[in-house]
Amino acid sequence: MRKVPEPLYQQVLEIALALTNATEAGNAPARRGAYRRLRSLYRSRFGSPDPFLTETLADFTSGPRTAIKLYRLAIRQSAAFPGENLGSKQQALAELLAEIEQRHQQTSYYSVSTGTDR
């Protein structure tokens, strides 16, 4: 298993904890602020990506389509990091894809049952 560089790990851990605490407390402004910090950290590393950071950003991204793109990117980035854990990225991606497919099927069934598919 790959060891994430300590400074990056500590930064991400601090922000992820702030995001989790803000979410649990129902503090939307604090959550948005912590998410902006995470996104800013991600952007500051443009050109030297780290799949750990990309995956963490995906974990806290509320839009499923954006999160899917980030998980896929994290999986691709992992190729450059021997020992990088792929399992959590692949599982999160699979769960999001299944959720989107389920929503699509529900919408399709509803449209057919109500006659709104025409």
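This is a predicted model: local features need pLDDT of at least 70, side-chain atom pairs count only at pLDDT 80 or more; totals for chains, interfaces and linings use all residues.
The crossing in which α3 passes α4 is left-handed. On the α3 side, this contact is formed by P51, T54, E55, L57, A58 and D59, which meet A67, L70, Y71, L73, A74, Q77 and S78 of α4. Sorted by class, the residues of the contact of α3 with α4 comprise eight nonpolar, three polar and two charged.

The protein as a whole contains five helices and zero strands, and its elements follow the pattern α-α-α-α-α when read along the sequence. Of its 118 residues, 33% count as buried.

Packing of two helices is described by the angle between the axes and by the distance between them. For helix α1 (residues 6-25) and helix α2 (residues 28-44), the axes come within 8 Å and the crossing angle is roughly 160°, and α1 and α2 are therefore roughly antiparallel to each other. The crossing of α1 past α2 is left-handed. The residues of α1 that take part are L8, Q11, V12, E14, I15, A18, L19, A22 and T23, and they meet A30, R31, A34, Y35, R37, L38 and L41 in α2. By class, the contact of α1 with α2 has eleven nonpolar, two polar and three charged residues.

Helix α2 also packs against helix α3 (residues 51-59), here at an angle of about 150° and with the axes 10 Å apart, which makes α2 roughly antiparallel to α3. In this pair, too, the crossing of α2 past α3 is left-handed. The contact brings Y35, L38, R39, L41 and Y42 of α2 together with L53, T54, T56 and L57 of α3, and its residues divide into six nonpolar, two polar and one charged.

When residues up to four places away in sequence are not counted, L57 touches Y35, L38, R39, Y42 and L70. The C-alpha atoms of L57 and A67 lie 7.9 Å apart in space, and the two residues are ten residues apart in sequence.

Q77 is found in helix α4 (residues 64-78) and has a relative accessible area of 9%, which lies under the 20% limit, so Q77 counts as buried. Leaving aside neighbours within four places in sequence, K89 is in contact with P51, E55, Y71, A74, I75, S78 and E84.

A pair of aromatic rings is described by the distance of the centres and the angle of the planes. A search of the whole structure finds one aromatic pair; the ring centres of Y9 and F52 are 5.7 Å apart and the ring planes are at 25°, so the pair is stacked. Because Y9 lies in helix α1 and F52 in helix α3, the pair ties together parts that are 43 residues apart in sequence. As to accessibility, Y9 is partly exposed, with a relative accessible area of 34%, whereas F52 is buried, with a relative accessible area of 18%.

How values were computed. Residues are numbered from 1 along each chain as its sequence is written. Side-chain values use heavy atoms; hydrogens and water are left out. Contact means heavy atoms within 4.5 Å. Axes are lines fitted to C-alpha atoms, for helices over the stretch in contact, and angles run from 0 to 180 degrees between N-to-C directions. Helices (H or I, at least four residues) and strands (E, at least two) are DSSP runs, numbered from the N terminus. Angles under 35 degrees count as roughly parallel, over 145 as roughly antiparallel, 65 to 115 as roughly perpendicular and the rest as oblique. A crossing is left-handed if the near helix is turned anticlockwise from the far one by less than a right angle, and right-handed if clockwise. Ala, Val, Leu, Ile, Met, Phe, Trp, Tyr, Cys and Pro count as nonpolar, Asp, Glu, Lys and Arg as charged, and the others, Gly among them, as polar. Rings of Phe, Tyr and Trp (its six-membered ring) pair if their centres lie within 6.5 Å; planes under 30 degrees apart count as stacked, over 60 as edge-to-face and the rest as tilted. Buried means under 20% relative accessible area, exposed over 50%, partly exposed in between (1.4 Å probe, protein chains only).
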